Amino acid sequence: KRYEMGGEIAAFVGYDLPPEDISYCKKYEDQNLMGKVALGSQKEIDFSLISGKGPQAKNLLIYEDKNFIGPISNTASDINLEDPTNALDDVENDFISLIQTEGIEIIILASFGETLETKLNDNNIICYEAGGEIKSFMK
């Protein structure tokens with residue numbers, strides 16, 4: 001097994017500290033995910049992989065206090081971006097609207113664009129970038 005030391009230990013032995021993560025949507029590590037949580041997924045079953053399509057994920061898997069409630073369809077993913085009258089901004093706005101309508105408190109996606117991070121922050125929606133073993137918080 002191998003571990004990389006960071007923080008004060010790394011500084012003490014002469015390594016430069018990694019740049020501070022200043023993005024709004026922090027990487028998920030070990031936060032206490034209580035409340036209503038949604039994971040963006042391409043499948044409709046619990047323990048599905050997180051979708052790499054961000055706000056265009058087909059489904060949102062809903063958990064309440066770590067219990068799987070079920071999937072909901074992400075209507076924002078239905079917006080056709082090949083149509084020149086639609087823009088990514090439309091998808092992001094519909095995505096935010098869906099999150100608010102469903103009363104979702106925390107959203108977990110594989111990636112966020114800078115504008116979506118800003119919109120989530122402006123709407124007081126907590127967000128995490130998924131990484132590592134994300135299913136460990138689910139029972």
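The model is predicted: local features need pLDDT of at least 70, side-chain atom pairs count only at pLDDT 80 or more, and totals for chains, interfaces and linings use all residues. Residues are numbered from 1 along each chain as its sequence is written, and side-chain values use heavy atoms, with hydrogens and water left out. The structure holds two salt bridges. D89, E92 and K119 are linked in a network of them.

**Salt bridges**

- A salt bridge here is a side-chain nitrogen of Lys or Arg within 4 Å of a carboxyl oxygen of Asp or Glu.
- Side chains of opposite charge can pair when their charged atoms come close.
- D89 and K119 meet through their side chains at 2.3 Å, N to O. This pair links distant parts of the chain: D89 sits in helix α2 (residues 88-101) and K119 in helix α3 (residues 114-122), 30 residues apart.
- Helices (H or I, at least four residues) and strands (E, at least two) are DSSP runs, numbered from the N terminus.
- E92 and K119 form a salt bridge at 3.0 Å, N to O. E92 lies in α2 and K119 in α3, so this pair ties together parts that are 27 residues apart in sequence.
- Buried means under 20% relative accessible area, exposed means over 50%, and partly exposed lies in between (1.4 Å probe, protein chains only).
- E92 counts as buried because its relative accessibility is 3%. K119 is buried too, at 15%. D89 is partly exposed, at 39%.

**Helix α2**

- α2 has 14 residues and reaches 20 Å from its first C-alpha to its last. That is close to the expected 20 Å at 1.5 Å a residue; the expected span is 1.5 Å times one less than the number of residues.
- The buried residues of α2 are V91, E92, F95, I96, L98 and I99. Seen down the axis of α2, these fall within an arc of 160°, so they line one face of the helix.
- The arc is that of the directions from the helix axis to the C-beta atoms.
- An α-helix has 3.6 residues a turn, so residues three or four places apart point the same way.
- The cover over the buried residues of α2 includes β3 (59-64), β4, β5 (106-109) and α3.
- Just after α2, G103 takes a positive phi of about 70°.

**Helix α3**

- L116, E117, K119 and L120 are buried in α3. They cover an arc of only 165° around the axis, which puts them on the same side of α3.
- The exposed residues E114 and D122 are carried on the face turned away from the buried side of α3.
- α2, β5 and β6 (126-129) are what the buried residues of α3 pack against.
- Just after α3, N124 takes a positive phi of about 55°.

**Loop residue S77**

- S77 lies in the loop between β4 (67-73) and α2. S77 is buried, with a relative accessible area of 11%.
- The side chain of S77 reaches the backbone oxygen of N74 at 2.7 Å.
- Leaving aside its neighbours within four places in sequence, S77 is in contact with P55, Q56, A57 and K58. Contact means heavy atoms within 4.5 Å.

How values were computed:
Polar contact = N/O pair within 3.5 Å; in protein donor to acceptor, adjacent residues only side chain to side chain.
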